[in-house]
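Me: I would like to learn how to read a few features of a protein model. Please go through them in turn.

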Amino acid sequence: MLELYNHDMSVCAAKVRFALAEKGLEYTNKLVNLMAREHKTPQYMALNPNGVVPTLVHDGQVIYESTIINEHIEDAFPGVSLMPEGAVGKARVRKWTLQLDTGIHAATSVLSTCIAFRDLHLAKSPKDLELHFQVQPGADPLKVERHNDNIRNGVKSKYFAHAVNRFEKLLSDMEAELENSGPWLAGETFSLADIGFASYIRRLEQLKMDFMWEDRPYVTSWYERIQEREGFKIAIRDWDNKGYIANMNKKGAAAQPLVRKIVAQARLAISQAEVS
Ligand SMILES: N[C@@H](CCC(=O)N[C@@H](CS)C(=O)NCC(=O)O)C(=O)O
């Protein structure tokens, strides 16, 4: 039996739903209301001490961290394979999925908060906002500091340009890898690498940052093929929260001139470095 502690707009929960859908697995959905801080309750923290979604409970065994959950799903449910066969292919998948946990997820959180979600926090009562800003025991103080700066300063946060640049680098790396040895991120086989990045690229699209791959035909074609998959429909599109998406679209359009400027500066710096 599978139970997924889940949230409709969580990019990492979407990543797990995508793997479950590709495997054709049923699960019991356990919605965790992040705005009501259900993920910080003692009951939920007993399951996932990091106080984040997703968490998977498989026959009573608790597994957290979305990359680890997806590898568990692959290992525990043979049939549809989401990993290449050879050791080199598996290493290539992990080269991609590691990046989600060492920068891409954090950059996504910065962009989403600065552009769109900060207003939801600023609408809280002063007492609730203060609670949000406090470093709870065991929490990473740097993550809390970053989140606070993002809420207070929006696109003027000191983390914003870096997050845009991280995605510029990612998209450049993806374009090169897909061109040289696609059609999927790990080569011939659709894998956990493609599943991992789908919801993150979709988040950029929702924030009106899809101009960043309009001149990258391999990323464009990869994302089109991802969206055609039944698993993508079941796990991601069918979960769309229309209110949140409308908010991201509107705020993303307003932030786009600044994002374009940051991207143009990054591309200019790269082209100048290549010349010199
Ligand atoms: N590395 C974790 C990240 C989990 C994470 O940050 N989840 C977000 C939603 S995508 C969350 O629960 N955020 C609430 C919070 O940080 O308070 C994973 O991949 O599972």
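Predicted model: local features only at pLDDT ≥ 70, side-chain atom pairs only at ≥ 80, totals over all residues.

Reply: Residues are numbered from 1 along each chain as its sequence is written, and side-chain values use heavy atoms, with hydrogens and water left out.

Me: How many helices and strands does the chain have?

Reply: Helices (H or I, at least four residues) and strands (E, at least two) are DSSP runs, numbered from the N terminus. The chain has 11 helices and four strands.

Me: What does the radius of gyration say about the chain?

Reply: The radius is taken over C-alpha atoms, and the globule rule is 2.2 Å times the number of residues to the power 0.38. For 276 residues a compact globule would be near 19 Å, and the chain agrees because its value is 19 Å. Along the principal axes, the C-alpha atoms fill a box of roughly 55 × 50 × 30 Å.

Me: Is cysteine 12 buried or exposed?

Reply: Buried means under 20% relative accessible area, exposed over 50%, and partly exposed in between (1.4 Å probe, protein chains only). Cysteine 12 counts as buried because its relative accessibility is 11%. In the chain, 49% of the 276 residues are buried.

Me: Where is cysteine 12 found, and which residues does it contact?

Reply: Contact means heavy atoms within 4.5 Å. Cysteine 12 sits in helix H1, residues 11-23. Neighbours within four places in sequence aside, cysteine 12 is in contact with Val53, Pro54, Ser66, His105 and Tyr200.
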